[in-house]
Amino acid sequence: MSIAAAKTVCVTGASGYIASWLVKFLLHKGYTVKASVRDPSDSKKTQHLLALDGAKERLHLMKANLLEEGSFDSVVNGCEGVFHTASPFYHAVTDPQAELIDPAVKGTLNVLRSCAKAPSVKRIVLTSSVAAVAYNGKPRTPEVVVDETWWSSPEVCEQMQMWYVLSKTLAEDAAWKFVKEKGIEMVTINPAMVIGPLLQPTLNTSSAAILNLINGAETYPNSTFGWINVKDVARAHILAFENPSANGRYCLVERVAHLSEIVKILRELYPTYKLPEKCADDKPFVPLYQVSKEKSISLGVEFTPLEEGIKETVESLKEKKLFKPPSAI
């Protein structure tokens with residue numbers, strides 16, 4: 001059994017897309033996992049976790065609420081590593097402060113305060129996002145390389161009403177200030193648009209971006225994103241915990257691609273599907289840019305090709321019955 005066998009770690013928001021894969025890989029490596037969920041009795045959120053190999057022996061589901069101070073005290077107590085993944089991600093919001101910003105910022109600080117009280121905690125790995133990196137008003141064009149030294153600007157986010165981006169930027173900033181003040185070790189993982197197979201039975205926001213394209217959409221958005229496979233993201237979290245020299249932030253982007261390229265890949269993979277033929281507007285395409293892989297590769301991250309991630313997403317959406325292919329309708 002590996003060295004992990006003796007270690008207990010915590011994963012917050014364990015029923016989420018990235019977190020579910022993280023729990024799966026941690027159990028596979030022999031860790032004991034204390035997993036926080038809002039409602040342990042909600043089988044829709046927990047069944048897929050309880051079905052994982054090793055869950056019966058080493059997975060402990062615990063109730064915790066991001067906005068309730070002290071609610072993570074018992075969850076992180078006795079853990080060497082804390083993976084804080086819990087943070088809402090959706091675009092349609094009516095009250096950005098209550099729906100996105102407070103859970104992200106206050107929730108992160110609540111988890112960190114619990115960690116500061118727990119002498120067992122050696123390192124925190126925070127799931128941040130490229131959202132906290134790339135949106136600062138600087139031009140992003142093909143020759144520009146975004147890296148870990150970039151920070152999104154809260155002013156730019158507010159101006160553009162990018163509330164999710166703002167929530168991730170404020171949360172990561174608050175986290176760094178807190179851990180520096182308390183002398184706690186923390187590493188952040190900053191993935192772009194995450195795709196790949198779903199373990200949870202419900203649709204998550206980034207997989208929905210692929211579903212929208214295959215589900216009869218007339219047009220595709222004029223948007224350019226970085227893309228990364230969910231399994232690569234989960235593994236990067238574990239590398240960030242296990243590697244003593246891991247430090248600071250790690251941007252995770254396999255490729256930056258415009259939605260037109262995603263449609264092109266889908267067309268090659270699924271020629272019979274009805275896919276959008278044109279862009280949602282007639283403006284020039286939002287330009288591509290580069291995101292440095294240097295730091296993530298130095299951590300040991302191996303990147304799954306975008307094409308593979310797209311295929312895995314579609315196959316998983318079919319398997320979860322979240323999408324019916326044309327022949328099955």
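**View 1. Lys321 and helix H12 in the predicted model.** Just after helix H12, Lys321 adopts a positive phi of about 60°. The structure shown here and in the following views is a predicted model. Helix H12 comprises residues 306-319, and its 14 residues should span 20 Å at 1.5 Å a residue; the C-alpha atoms at its ends are 20 Å apart, which agrees with that expectation. Buried positions in H12 are Leu306, Gly309, Ile310, Glu312, Thr313, Val314, Ser316 and Leu317. The elements that cover these buried residues include strands S8, S10 and S12, together with helices H8 (205-214), H9 (230-242) and H10 (259-269).

View 2. Asn229 lies in strand S10 and counts as buried because its relative accessibility is 2%, where the limit for a buried residue is under 20%. The side chains of Asn229 and Glu312 are joined by a polar contact of 2.8 Å. Glu312 is itself one of the buried residues of H12. Beyond its neighbours within four places in sequence, Asn229 is in contact with Val194, Ile195, Gly196, Pro197, Thr304, Gly309 and Glu312.

**View 3. Gly196 in the loop between S8 and H8.** Gly196 is located in the loop that connects strand S8 with helix H8. With a relative accessibility of 0%, Gly196 counts as buried. Setting aside neighbours within four places in sequence, the residues in contact with Gly196 are Tyr17, Asn229, Val230, Gly309, Glu312 and Thr313. Among these contacts, Gly309, Glu312 and Thr313 are also listed among the buried residues of H12. Gly196 and Leu49 are separated by 147 residues in sequence, and their C-alpha atoms are 17 Å apart in space.

View 4. Strand S10 (residues 224-229) is mostly covered, with five of its six residues buried. Strand S8 (residues 193-195) runs parallel to S10, and three bridges join the two strands. In this pairing, Val194 stands opposite Ile228 of S10. Strand S12 (residues 255-258) runs antiparallel to S10, to which it is joined by four bridges. Here Gly226 has Val256 of S12 as its bridge partner.

View 5. Four of the five residues of strand S1 (residues 8-12) are buried, so that the strand is mostly covered. Strands S1 and S2 pair in the parallel sense through four bridges, and Val9 stands opposite Val33 of S2. The largest nonpolar core contains 64 residues, and those with the most contacts inside it are Val33, Ile262 and Leu266. Helix H1 supplies the largest share of this core, nine residues. A second, separate core has 49 residues, including Val93, Cys115, Ala118 and Val121. Neighbours within four places in sequence aside, Val33 is in contact with Val9, Val11, Val23, Leu26, Leu27, Arg58, Leu59 and His60.

**View 6. The buried and exposed sides of helix H2.** Thr46, His48 and Leu49 are the buried residues of helix H2 (residues 43-50). They cover an arc of only 155° around the axis, and therefore lie on the same side of H2. The exposed residues Lys44 and Gln47 are carried on the face turned away from this buried side. Packing against the buried residues of H2 are helix H1 (17-29), strand S2 (32-37), helix H3 (55-58) and strand S3 (59-63). At the start of H2, the backbone nitrogen of Lys44 has a side-chain oxygen of Asp42 within 3.1 Å.

**View 7. The buried side chain of Arg249 in strand S11.** Arg249 lies in strand S11 (residues 248-252) and counts as buried, its relative accessibility being 6%. Polar atoms of the Arg249 side chain approach two backbone oxygens: that of Ala132 at 3.2 Å, and that of Trp150 at 2.5 Å. Apart from its neighbours within four places in sequence, Arg249 is in contact with Ala132, Val133, Glu148, Trp150, Trp151, Glu172, Trp176, Thr188, Asn190 and Lys295.

Key:
Residues are numbered from 1 along each chain as its sequence is written. This is a predicted model: local features need pLDDT of at least 70, side-chain atom pairs count only at pLDDT 80 or more; totals for chains, interfaces and linings use all residues. Side-chain values use heavy atoms; hydrogens and water are left out. Buried means under 20% relative accessible area, exposed over 50%, partly exposed in between (1.4 Å probe, protein chains only). The arc is that of the directions from the helix axis to the C-beta atoms. Contact means heavy atoms within 4.5 Å. A polar contact is a pair of N or O atoms within 3.5 Å; within protein, one must be able to donate a hydrogen and the other to accept it, and residues adjacent in sequence count only if both atoms are side-chain atoms. Two strands pair if DSSP finds at least two bridges between them. A nonpolar core is a set of buried Ala, Val, Leu, Ile, Met, Phe, Trp, Tyr and Cys residues joined through side-chain atoms within 4.5 Å. The expected span of a helix is 1.5 Å times one less than its number of residues.
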